[in-house]
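Here's a quick briefing to read alongside the model. It starts with the overall picture and then zooms in on a few residues.

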Amino acid sequence: MVGVGTADARPWIDEALVRRLVDTQFPQWAGLPLKLLDPAGSDHVIYRLGEELTVRLPCHAGAIGQARKEFQWLPRLAPHVPLAIPVPVGVGDPDFGYPWPWAVSRWLDGEVATVDALGDSSRAAVELAQFLGALQRFAPEDIPAENSRDDLTGRPLSDRDRATRVAIAEVDGVFDATAMTELWNAALSAPGWDHSPVWFHGDFHTGNLLTSGGRLSAVIDFGGLGTGDPACDLMIAFTLMSADSRAAFRDALGVDDAAWMRGRGWALATGLNAYASYAAVNPRVAAQTTRQITQALIG
């Protein structure tokens with residue numbers, strides 16, 4: 001059985017539940033074998049369904065809008081970007097005690113990108129810049145006015161101010177609190193995005209990149225997809241890249257000083273949030289976020 005108890009209001013999710021949901025709502029796939037993917041991140045429980053599909057069920061309330069968002073936008077976005085992205089084929093309804101929409105998508109082969117494999121690769125850095133450039137050119141005016149919802153509106157970095165300062169104080173002694181505060185103040189003071197809003201991925205880090213044959217092959221997990229200031233996606237420069245590949249990435253994407261500073265702020269804020277939430281119980285997250293924070297401080 002996967003999931004946690006009711007103390008934190010997360011539903012039980014196990015293979016029997018997933019089997020019932022799939023077989024009753026998508027009978028064309030009834031009986032296809034299910035295989036739990038573990039680890040699968042902190043937002044979803046994921047099962048492979050047969051050879052060509054995945055079932056993704058949100059495991060906390062913060063992820064409940066992702067199924068419908070991806071179903072609406074990813075098929076439209078896929079032809080415009082140079083790496084594969086998930087193609088949703090169905091959204092399931094709450095049932096059998098499971099409370100939220102859930103998704104069935106096409107399976108994407110690949111392994112999660114790692115610093116060891118790609119951190120020094122300027123080629124990979126340029127490919128990621130090309131992906132983000134294509135994403136930003138996916139015209140936001142394609143959104144009908146009636147569909148301009150809060151879940152597509154990017155939030156400013158300043159929304160994270162209080163939580164980030166609390167986290168800086170909590171990890172003082174693990175990281176340099178003075179240096180983090182200086183970086184955070186500089187990021188908040190940097191000139192803001194003064195162009196029309198563009199699309200961003202919103203959670204662009206190594207865990208959401210797949211590789212095949214030593215090359216980048218896919219970008220996954222678009223729950224943070226939205227429009228606004230794309231500086232949040234610059235966090236990939238600090239989760240994956242070395243100094244040299246980071247420079248190639250910045251040059252290929254044409255990032256100015258203000259956006260780069262905001263990107264460092266996003267990397268710091270998101271790294272601190274994940275470190276404070278998961279480092280004590282997840283050594284993999286501890287290592288990844290330690291690198292993210294220290295690289296953001298380097299710049």
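A quick definition first: helices (H or I, at least four residues) and strands (E, at least two) are DSSP runs, numbered from the N terminus. With that numbering, Asp221 sits in the loop between β11 (215-219) and β12 (226-228). Keep in mind that this is a predicted model.

**Overall fold**
- The protein has ten helices and twelve strands.
- Its radius of gyration is 19 Å, close to the 19 Å that the globule rule gives for 299 residues, so the protein is as compact as a globular protein of that length.
- If you need a box, the C-alpha atoms fill one of roughly 55 × 40 × 40 Å along the principal axes.
- Take the contacts between residues at least 6 apart in sequence: 68% of them join residues at least 24 apart.

**Surface and charge**
- Out of 299 residues, 47% count as buried.

**Cysteines**
- Searching the whole structure turns up zero disulfides.
- Cys59 counts as buried because its relative accessibility is 11%, against a cut-off of under 20%.
- Cys232 is buried too, with a relative accessible area of 6%.

**Positive phi values**
- As background, most residues other than glycine have a negative phi.
- Phe96 is not a glycine, yet its phi is positive, at about 55°.
- You'll find Phe96 in the loop between β6 (88-92) and β7 (102-106), and it is partly exposed, with a relative accessible area of 31%.
- Asp221, also a residue other than glycine, has a positive phi near 60°.
- Is Asp221 buried or exposed? Asp221 is buried, with a relative accessible area of 14%.

**Ser242 and its contacts**
- Ser242 lies in the loop between α7 (236-239) and α8 (243-253).
- At 15% relative accessibility, this serine, Ser242, falls under the 20% cut-off, so it counts as buried.
- Which residues does Ser242 touch, leaving aside its neighbours within four places in sequence? Ser242 is in contact with Gly119, Asp120 and Arg291.

How values were computed:
Residues are numbered from 1 along each chain as its sequence is written. This is a predicted model: local features need pLDDT of at least 70, side-chain atom pairs count only at pLDDT 80 or more; totals for chains, interfaces and linings use all residues. Side-chain values use heavy atoms; hydrogens and water are left out. The radius of gyration is taken over C-alpha atoms; the globule rule is 2.2 Å times the number of residues to the power 0.38. Buried means under 20% relative accessible area, exposed over 50%, partly exposed in between (1.4 Å probe, protein chains only). Contact means heavy atoms within 4.5 Å. A disulfide is a pair of cysteine sulfur atoms within 2.5 Å.
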